Amino acid sequence: MQLQGVHHVAVIASDYARSKHFYVEVLGLRVLAENYRSARDSWKLDLALPDGSQIELFSFPNPPPRPSRPEACGLRHLCFAVADVELAKQQLEALGVAVEAVRVDEYTGKRFTFFADPDGLPLEIYEAGQ
């Protein structure tokens, strides 16, 4: 087996409309498909990133909260590549998103920072270069 990349990451939202707005309007992801699954009382929104990877945004009735602090075992965060971390930080903040201070990766020398989606899921932007 040879893995070719990440196809998608699935995210469960506590408030579907709020999270849809965040991922589509704030982060600018393109909607591929949106389906309501009545048997599960659940929405599934397929979102595309420019590199072809996707985020599946789900809603389910009364999902339990995600343990983030202290950090729990399992998927730690979702990271997006950007050309300029400082510019991306400014754009997020202009849209009302709280963003941590920019830091420098001690091993690569690249800049990065963190913010959160509406449910507190840690998201990172990492400077991949121009």
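Reader: Leaving aside its neighbours within four places in sequence, which residues is Ser-53 in contact with?
Author: This is a predicted model, in which local features need pLDDT of at least 70, side-chain atom pairs count only at pLDDT 80 or more, and totals for chains, interfaces and linings use all residues. Residues are numbered from 1 along each chain as its sequence is written, and side-chain values use heavy atoms, with hydrogens and water left out. Contact means heavy atoms within 4.5 Å. By that rule Ser-53 is in contact with Val-6, His-7, Leu-47 and Ala-48.

Reader: Is Ser-53 buried or exposed?
Author: Ser-53 lies in the loop between β3 (42-48) and β4 (54-59); strands are DSSP runs of E, at least two residues, and helices are runs of H or I, at least four, numbered from the N terminus. Buried means under 20% relative accessible area, exposed over 50%, and partly exposed in between, with a 1.4 Å probe and protein chains only. Because its relative accessibility is 13%, Ser-53 counts as buried.

Reader: Which side chain makes a polar contact with the side chain of Ser-53?
Author: A polar contact is a pair of N or O atoms within 3.5 Å; within protein, one must be able to donate a hydrogen and the other to accept it, and residues adjacent in sequence count only if both atoms are side-chain atoms. At 2.6 Å, the partner of the Ser-53 side chain is the side chain of Asp-51.

Reader: Which strands stand at the edges of the open sheet of 4 strands?
Author: The order is β5-β8-β7-β6, with mixed pairing; two strands pair if DSSP finds at least two bridges between them. A strand with a single partner has one side left without a neighbour in the sheet, so the edges are β5 (78-82) and β6 (103-104).

Reader: In β8, what is the bridge partner of Phe-115?
Author: Strands β7 (residues 111-116) and β8 (residues 122-127) run antiparallel and are joined by 5 bridges. In β8, Phe-115 is partnered by Leu-123.

Reader: Why is the pair of Phe-112 and Tyr-126 classed as it is?
Author: Rings of Phe, Tyr and Trp (its six-membered ring) pair if their centres lie within 6.5 Å; planes under 30 degrees apart count as stacked, over 60 as edge-to-face and the rest as tilted. The search of the whole structure finds 7 aromatic pairs. For Phe-112 and Tyr-126 the centres are 6.4 Å apart and the planes are at 20 degrees, so the pair is stacked.
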